[in-house]
Each structure stands twice: as structure tokens, then as C-alpha cells.
Amino acid sequence: CTGNGICKCRVCECFPNFTGSACDCSLDTLPCMASNGQICNGRGSCECGTCNCTDPKFQGPTCEMCQTCLGVCAEHKDCVQCRAFDKGEKKETCSQECMHFNMTRVESRDKLPQPGQPDPLSHCKEKDVDDCWFYFTYSVNSNGEANVHVVE
């Protein structure tokens with residue numbers, strides 16, 4: 001019973017937190033916890049204490065490694081730009097392509113959400129089409145809704 005149970009009549013009776021015919025499957029999800037506090041980064045399932053990544057772009061022990069991904073900031077900058085400032089590469093297609101997040105305008109950078117909230121949060125500083133910096137945060141809540149806060 002791989003040391004995780006007791007053999008009785010040739011059948012393993014597993015200790016708590018273990019399962020399987022040989023008690024070799026841990027039910028502990030701690031090894032699957034990603035740095036954002038989500039099991040397998042929200043991109044896989046935890047099976048026997050190991051992440052099984054369901055999104056093929058994401059790999060690694062907690063489904064956090066993505067070699068082909070743009071950063072969150074670069075990925076969303078065009079949509080934030082057109083929604084907040086009505087300009088940029090997606091200005092003409094904004095209403096079709098960029099409605100996948102809730103947007104809140106804030107007066108200044110110190111009014112942006114700060115780390116320490118329950119949802120994973122990215123702070124972004126990007127250049128717009130006029131070569132000016134703009135600032136926003138991107139987070140996804142437990143319901144899977146994306147929220148953007150952008151400095152006016």
C-alpha cells in the first residue's frame with residue numbers, strides 16, 4: 001500500500017488523504033497550488049497531487065509556464081486603449097473584439113487596485129499609439145470575470 005495504508009485481506013485500506021488500489025494517489029492539492037493561489041493556475045485539474053494541464057499552451061508543475069504567451073499587459077493593451085481612450089489598432093473593431101472585460105476608470109495610479117486582493121492582479125504600463133504611457137490593472141475574479149482598472 002506504498003506506505004499510505006494498511007493491507008487487509010489483500011486489499012489496501014488507505015490512510016486519510018490517499019486513494020487508489022495501492023493508496024498511491026494523494027488527495028493533497030497543495031503541490032498543485034499556483035503562485036496566484038489557484039489550483040493548477042485555473043488551467044488544469046489536480047490529479048493525485050499533480051497538475052494535468054487542460055490548456056495545451058500551459059505546462060509545468062502548476063500549469064504556469066507558457067512559452068508562446070504574450071504577457072497579460074501586452075495581450076490586453078489594444079483593447080484597453082480602444083475602450084478607455086477610443087484609439088489604437090482595435091479602434092474600429094473595439095465593440096466586437098474588446099467587450100470581454102469590465103472596465104473601471106480611476107483618477108490616478110494610486111487609485112488602482114493594489115496587490116493583496118484575493119484575485120490575481122497584473123499591473124501594466126504600456127505605450128499607446130501616440131507614444132504616451134498609460135497604466136492599467138488586469139484581474140480575473142473567482143467567477144472568471146475579467147476586470148480592468150485604467151488611469152484616466
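**View 1. The disulfide between cysteine 32 and cysteine 46 in this predicted model.** Cysteine 32 and cysteine 46 are joined by a disulfide with an S to S distance of 2.0 Å, where a disulfide is taken as a pair of cysteine sulfur atoms within 2.5 Å. The torsion about this S-S bond is about 70°, so the link of cysteine 32 and cysteine 46 is right-handed. The pair links distant parts of the chain, 14 residues apart, with cysteine 32 in the loop between strand S4 (25–26) and strand S5 (44–47) and cysteine 46 in strand S5 itself; helices (H or I, at least four residues) and strands (E, at least two) are DSSP runs numbered from the N terminus. Cysteine 32 is buried at 0% relative accessibility, whereas cysteine 46 is partly exposed at 23%, with buried meaning under 20% relative accessible area, exposed over 50% and partly exposed in between (1.4 Å probe, protein chains only). Residues are numbered from 1 along each chain as its sequence is written, and side-chain values use heavy atoms, with hydrogens and water left out. Because the model is predicted, local features need pLDDT of at least 70 and side-chain atom pairs count only at pLDDT 80 or more, while totals for chains, interfaces and linings use all residues.

**View 2. The disulfide between cysteine 40 and cysteine 51.** The sulfur atoms of cysteine 40 and cysteine 51 are joined in a disulfide with an S to S distance of 2.2 Å.

**View 3. The disulfide between cysteine 79 and cysteine 98.** A search of the whole structure finds 9 disulfides, and one of them is formed by cysteine 79 and cysteine 98, whose sulfur atoms are 2.0 Å apart. The link of cysteine 79 and cysteine 98 is left-handed, with -65° about the S-S bond. This pair also links distant parts of the chain, with cysteine 79 in helix H1 (residues 72–85) and cysteine 98 in the loop between helix H2 (94–97) and strand S7 (101–106), 19 residues apart. Cysteine 79 is buried at 3% relative accessibility, and cysteine 98 is buried at 0%.

**View 4. Cysteine 9 and the hairpin of S1 and S2.** Cysteine 9 is in no disulfide, and the nearest cysteine sulfur, that of cysteine 7, is 8.2 Å away. With a relative accessible area of 78%, cysteine 9 is exposed. In the hairpin of S1 and S2, which has 2 residues between the strands, cysteine 9 takes a positive phi near 55°. Strand S1 (residues 5–8) and strand S2 (residues 11–14) run antiparallel and are joined by 4 bridges, two strands being paired if DSSP finds at least two bridges between them. Within this pairing, cysteine 7 stands opposite cysteine 12 in S2.

**View 5. Cysteine 124 in strand S8.** Cysteine 124 is found in strand S8 (residues 121–127) and is buried, with a relative accessible area of 4%. Leaving aside residues up to four places away in sequence, cysteine 124 touches Cys73, Phe134, Tyr135 and Phe136, where contact means heavy atoms within 4.5 Å. Between the C-alpha atoms of cysteine 124 and lysine 111, which are 13 residues apart along the chain, the separation is 14 Å.

**View 6. Strand S9 and its pairings with S8 and S10.** Strand S9 (residues 133–140) is mostly covered, with 6 of its 8 residues buried. S8 and S9 run antiparallel and are joined by 7 bridges, and the bridge partner of glutamate 126 is phenylalanine 134 in S9. The hairpin of S8 and S9 has 5 residues between the strands, and in it aspartate 131 takes a positive phi near 65°. S9 also runs antiparallel to strand S10 (residues 146–151), to which 5 bridges join S9, and the bridge partner of phenylalanine 136 is valine 150 in S10. In the hairpin of S9 and S10, again with 5 residues between the strands, glycine 144 takes a positive phi near 80°.
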